[in-house]
Amino acid sequence: MSTVATTAEQITPHEEVGVETHGQMWPVTGQIAISLFALGLGGFIGLFQAIERVNITLPPFGPFENYYQGLTFHGVLLAFVFTFGFANAFVSWTTIRGFDRPLYSTMLAQGAFWVLLTGTILGAIIMTMNEATVLFTFYAPMQAHSVFYLAAALLVVSTWLVLANIVLTYRAWRKENPTAAIPLMGFTSLTTYIMWGLASLGVAILVVGILLPWSLGLWEHTDPQLGRTLFWLSGHAIVYFWLLPVYISWYMFIPKQVGGRLYSDGLTRFAFILFLLFSIPTGLHHQYTDPGIHEGMKGFHLLLTFVIFYPSLITAFSIMAALEHGGRKAGGRGLFGWIMALPWNNPAVVAQLLAMLVFTLGGVTGLVNASMSVNLVVHNTAFIPGHFHLTVGTAVALSVLGICYWFVPYLTQRPLFATKLALWQAWLWAIGVLIFSRGQMSGGLDAQPRRTMLGEASYSLPGWEVANWLTAIGGIVMTVSGLLFFVVMIGTLLNKRAETAEEKAALQPLMPAPPIHDHRKSWKIFDRIGLWTLIAIILILIAYIPVFLLYLPAEFTSPGVRVW
Ligand code: HEM
Ligand SMILES: [Cu+2]
């Protein structure tokens, strides 16, 4: 029997996947498109920020009136639109496949697409008009046009529609399978969105309850510190909302893609439960230097921040085990021989392997930020963007590109264009970001501020020169890599649609095989989603009630300011 026939047997060809209805799949494709559009545009603006470091400013600042308008665009498009669009699309699909049934509601699925699109367009318009140059963290008392806050709210609402759909799908599945273990891919999808559902409440209250009415003139003053605290209630957990969809790929798809198997079902569930429990009560680690917040509570959040590092270590262990399993099955021998035996010719895999490698540096530098005393050295310096281009800018973004190398061909039923180019793309991004972040971090350690148009600054230190050049060169390499990605994607869209059964089978995703330690060995309690959600809520209350009790009553004394 040919290998293609075997593959076709193992996984049903596209049309026959009855659980994937057209009405639910076009919003998946559509949200991937929105996401990649945001990545392309946002990333391109990044280039201007990077070369500004070496005094190349195209007048006026790129397509914008000023540096900070571009920076707002860059942050909003990349941190919110790119990530939300991908999560909504990919996790909706892993829910369908995980529970092996269509989503509960097609209306919710399509609604998520339309709400995301509307939020993106409104946000883009108002930012283009320079009416919302408040950076992606939109700290009050900087004030944006009310449409900006409306757009931010819509982006969050789109994720809530997906959350509602996932929960309803799970409940419908549970009704029909009252005693079965939750399918692992469904479990990871569900916990990812429940975590974000809880986390997003902070920013939702901030935007809808405080900033929107304030920008509409319902009241004139606001309380910046209260706003920051609500922002960061969501603002660390959002990092995990960026990461977990990618972890779903690393846990569920990468093992099979490298010819191995996931290590353990139970350990995977355990890791995702820890993310659900501990992602949120850690937000104060972004506010170590903020006045008005009790030091003891900062210490408590510090402790939990180190707790949340633990499931990432579990992840590193699990994925490494799966990689080694695959590498050894492919004939790799010795301590490191299995690494060479991994499929280094498959861009979908290579992009994600490099993303993981870069992420180890991102994790370590994250520990620097998280440590209260060392944080003082790097706080608000260029070290921070140095750090998070390794995490969200690479662990997430490069992984998403890798996932697109199989997911987009599957969604569009067109084979990937120019595999070699895609491989170049992955390597160039990894090399580029290492140079870029090295520049940003060394600048930061030399006290270079972040969010600053350095070319215009009247101050400089000798150590910044090399740092700036590295940032600029790394940024250019990343941009070239990004361009290659879009060449590959456009080429793919122009490719001929798969027609024969063989061609179609070749585009099928490799669905996960049961882990080496399968669900029969997992603790039943892992599946008590309601219980874990309740514990997560209790932890949030413990971590935040004292913060607010000690802080309140709020002092609405700051009038809005427009800086740029
Ligand atoms: C071509 C690739 C990219 C380049 C050259 C680039 C460049 C930069 C630079 C130089 C900054 C610092 C600006 C400052 O502090 O004044 C920055 C900030 C930022 N970047 Fe990127 N970036 C790229 C891709 C990405 C990606 C893929 C993401 C996320 C998915 C991302 C997310 C962010 C965020 C959230 C900020 C913070 C904005 C702020 O502080 O308000 N960037 N970028
Ligand atoms: Cu954080």
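Me: What makes the protein's radius of gyration agree with that of a compact globule?
Reply: For 564 residues, a compact globule would come near 24 Å, and the protein has 23 Å, so the two agree. The radius is taken over C-alpha atoms, and the rule is 2.2 Å times the number of residues to the power 0.38. This is a predicted model, where local features need pLDDT of at least 70 and side-chain atom pairs 80 or more, while totals for chains, interfaces and linings use all residues. Residues are numbered from 1 along each chain as written, with chains lettered from A and ligands numbered from 1 in written order.

Me: Why is H6 called roughly parallel to H18?
Reply: Helix H6 (residues 184-215) and helix H18 (residues 529-551) pack at about 30°, with axes 11 Å apart. Angles under 35 degrees count as roughly parallel, so H6 is roughly parallel to H18.

Me: How do you know which residues of H6 and H18 meet?
Reply: Contact needs C-beta atoms, placed from the backbone, within 7 Å. Leu190, Ile194 and Leu198 in H6 meet Ile529, Thr533, Ala536, Ile537 and Ile540 in H18. By class, that contact has seven nonpolar, one polar and no charged residues.

Methods. Axes are lines fitted to C-alpha atoms, for helices over the stretch in contact, and angles run from 0 to 180 degrees between N-to-C directions. Helices (H or I, at least four residues) and strands (E, at least two) are DSSP runs, numbered from the N terminus. Angles under 35 degrees count as roughly parallel, over 145 as roughly antiparallel, 65 to 115 as roughly perpendicular and the rest as oblique. Two residues are in contact if their C-beta atoms, placed from the backbone, lie within 7 Å. Ala, Val, Leu, Ile, Met, Phe, Trp, Tyr, Cys and Pro count as nonpolar, Asp, Glu, Lys and Arg as charged, and the others, Gly among them, as polar.
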